[in-house]
Amino acid sequence: MKKSKLTALLLAAVMSVGMFTACGKGDESASDAADAKTIRDITSMELIGEMKTGWNLGNTLDSTITNPTGSETPTDWETAWGQPVTTKAMIDSVKAQGFNVLRVPVTWEGKFGEAPDYTIKADWLARVKEVVDYGIDNDMFVILNMHHEEWHMPTADNEESAEKILRALWAQIADYFKDYDEKLIFEGMNEPRLKGTPMEWNGGNQEAREVINQLNAAFVETVRASGGNNEKRHLMIPTYAASTMDSVLNDFVIPNDDKVIVSVHAYLPYTFALADNASGTSEWSADNFADTKDIDSLIANLKKRYIDKGQAVIIGEYGTRNRSFNTEPRAECARYYVSKATEAGIPCIWWDNNAFTGNGENFGLFNRTSFEWRFPEIVSAIMESCGASGSTSNTSAESSAE
């Protein structure tokens, strides 16, 4: 159940909880209890060179509640879309498979107060820290972002308001995590776009793309000014809707900063990876040019535009839907996609929403309830393609659970 994404990427191709209820301004660092870690002064190109492959904790801390009352606990938010409470054992298993990047999508809306401070609730910050630390303690790179936010509609009329909120929130988050080293990466926004408009998923318009450039610049400036290790923190900035359309990339402005990473999403080829079952296909072959051309074009374009010029890129979301008994072509596609991206020097992060059956967006690889890796063939293909190593000994449950 990745919200509002289908048409988007046709063209472009998310326990233990601290018992705190008071609000705080995020002025108390998450690592005050421990010594600050030294952060290496390396470029983002050097950083992504250390990444193998990644996994998204999808539809979890990024879940939303339709009509929040303000009395929700972190657990209420975390489980609102049917996910179990995240545990360290889950992330231990993710690392054991060979993933060395953990992306933690987080929706902050509903957990912060009114203007002008927009104070983030202390218990929510504490819970986010717990999950981030599950990855950090596994020596993983962890990407922390803002996900399903409604306040940053990229229009000229809303730009001033959106920038105030973005600066206020990221100032608090950056201060809270300021002592973490380069393993923690901040991602300013997820898929900023003109939600609910005819332009939402087709590249938007020039005004929207310019507003996103301004918000990205404000994000970088805010983090850089926040102290601690944030002067050298690696920061991801998205294109409009995280799209790779030429019209979007042509208008995309990257701040002059060697620790900034371009963030895009690409579920390809669309009819195999993302389209609903009525219009999609369950077949894919590396021997069929029609199946591989979109992947080839994407990687070649990103390499030419960015990697060859020393600009780091991460594909923050990709994956293919389970369409019943098509594990073999999904594994073949993952092998091809990740191989091409790895050759170009671009890490890829699989979108795992813990969904497996039915007609929805079934991107799940790891069943977080049963602790079963449902499609070890796909995981093995990913690891072999990026040069990672891990344990993929779980037997596929396809035959018994499809």
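Axes are lines fitted to C-alpha atoms, for helices over the stretch in contact, and angles run from 0 to 180 degrees between N-to-C directions. The model described here is predicted. Two packed helices are described by the angle between their axes and the distance between the axes.

Helix 10 spans residues 289-305, and helix 11 spans residues 327-344. The two pack at an angle of about 15°. Their axes lie 10 Å apart. Angles under 35 degrees count as roughly parallel. Helix 10 and helix 11 are therefore roughly parallel to each other. The crossing of helix 10 past helix 11 is right-handed. From helix 10, the contact draws on Thr 292, Ile 295, Asp 296, Leu 298, Ile 299 and Lys 303. From helix 11, Cys 333, Tyr 336, Tyr 337, Lys 340, Ala 341 and Ala 344 take part. By class, the residues of this contact of helix 10 with helix 11 are eight nonpolar, one polar and three charged.

Helix 11 also packs with helix 12, which covers residues 376-386. Here the angle is about 20°, and the axes are 8 Å apart. Helix 11 and helix 12 are therefore roughly parallel to each other. Their crossing is right-handed. On the helix 11 side, the residues in contact are Thr 327, Arg 330, Ala 331, Ala 334, Arg 335, Val 338, Ser 339 and Thr 342. They meet Glu 377, Ile 378, Ala 381, Ile 382, Glu 384, Ser 385 and Cys 386 of helix 12. The contact of helix 11 with helix 12 divides into seven nonpolar, four polar and four charged residues.

Another helix pair is formed by helix 6 and helix 7, the latter being residues 206-224. Their axes come within 9 Å and cross at roughly 25°. That makes helix 6 roughly parallel to helix 7. The crossing of helix 6 and helix 7 is right-handed. Helix 6 contributes Ala 156, Glu 159, Ala 162, Glu 163, Leu 166, Arg 167, Trp 170, Ala 171 and Ala 174 to the contact. Helix 7 contributes Glu 207, Val 211, Gln 214, Leu 215, Ala 218, Phe 219, Glu 221, Thr 222 and Val 223. The contact of helix 6 with helix 7 holds 11 nonpolar, two polar and five charged residues.

In soluble globular proteins, nonpolar side chains tend to be buried together. The largest nonpolar core of this model has 119 residues. Within this core, Trp 108, Leu 144, Phe 177, Phe 186 and Ile 315 touch the most other members. Helix 6 (residues 156-176) gives the most to this core, with nine residues.

Several backbone features fall in loops. The loop between strand 2 (101-104) and helix 5 (122-136) holds Pro 116. The peptide bond from Ala 115 to Pro 116 is cis, with omega near 0°. Tyr 118 sits in the loop between strand 2 and helix 5. Tyr 118 is not a glycine, yet has a positive phi of about 50°. The relative accessible area of Tyr 118 is 13%, and the residue is buried. Pro 105 also lies in the loop between strand 2 and helix 5. At 0% relative accessibility, Pro 105 counts as buried. Pro 105 and Asn 190 are 85 residues apart along the chain, and their C-alpha atoms are separated by 8.2 Å.

A cis peptide bond also joins Leu 268 to Pro 269, with omega near -15°. Pro 269 is in the loop between strand 6 (260-265) and helix 9 (270-273). Ala 241 is located in the loop between strand 5 (235-238) and helix 8 (246-251). The phi of Ala 241 is positive, about 55°, although the residue is not a glycine. With a relative accessible area of 5%, Ala 241 is buried.

Trp 81 occupies the loop between helix 3 (74-78) and helix 4 (88-97). Buried means under 20% relative accessible area. Trp 81 has 16% relative accessibility and so counts as buried. The C-alpha atoms of Trp 81 and Asn 59 are separated by 6.6 Å, and the two residues are 22 residues apart along the chain.

Note on methods. Residues are numbered from 1 along each chain as its sequence is written. This is a predicted model: local features need pLDDT of at least 70, side-chain atom pairs count only at pLDDT 80 or more; totals for chains, interfaces and linings use all residues. Side-chain values use heavy atoms; hydrogens and water are left out. Helices (H or I, at least four residues) and strands (E, at least two) are DSSP runs, numbered from the N terminus. Angles under 35 degrees count as roughly parallel, over 145 as roughly antiparallel, 65 to 115 as roughly perpendicular and the rest as oblique. A crossing is left-handed if the near helix is turned anticlockwise from the far one by less than a right angle, and right-handed if clockwise. Contact means heavy atoms within 4.5 Å. Ala, Val, Leu, Ile, Met, Phe, Trp, Tyr, Cys and Pro count as nonpolar, Asp, Glu, Lys and Arg as charged, and the others, Gly among them, as polar. A nonpolar core is a set of buried Ala, Val, Leu, Ile, Met, Phe, Trp, Tyr and Cys residues joined through side-chain atoms within 4.5 Å. Buried means under 20% relative accessible area, exposed over 50%, partly exposed in between (1.4 Å probe, protein chains only).
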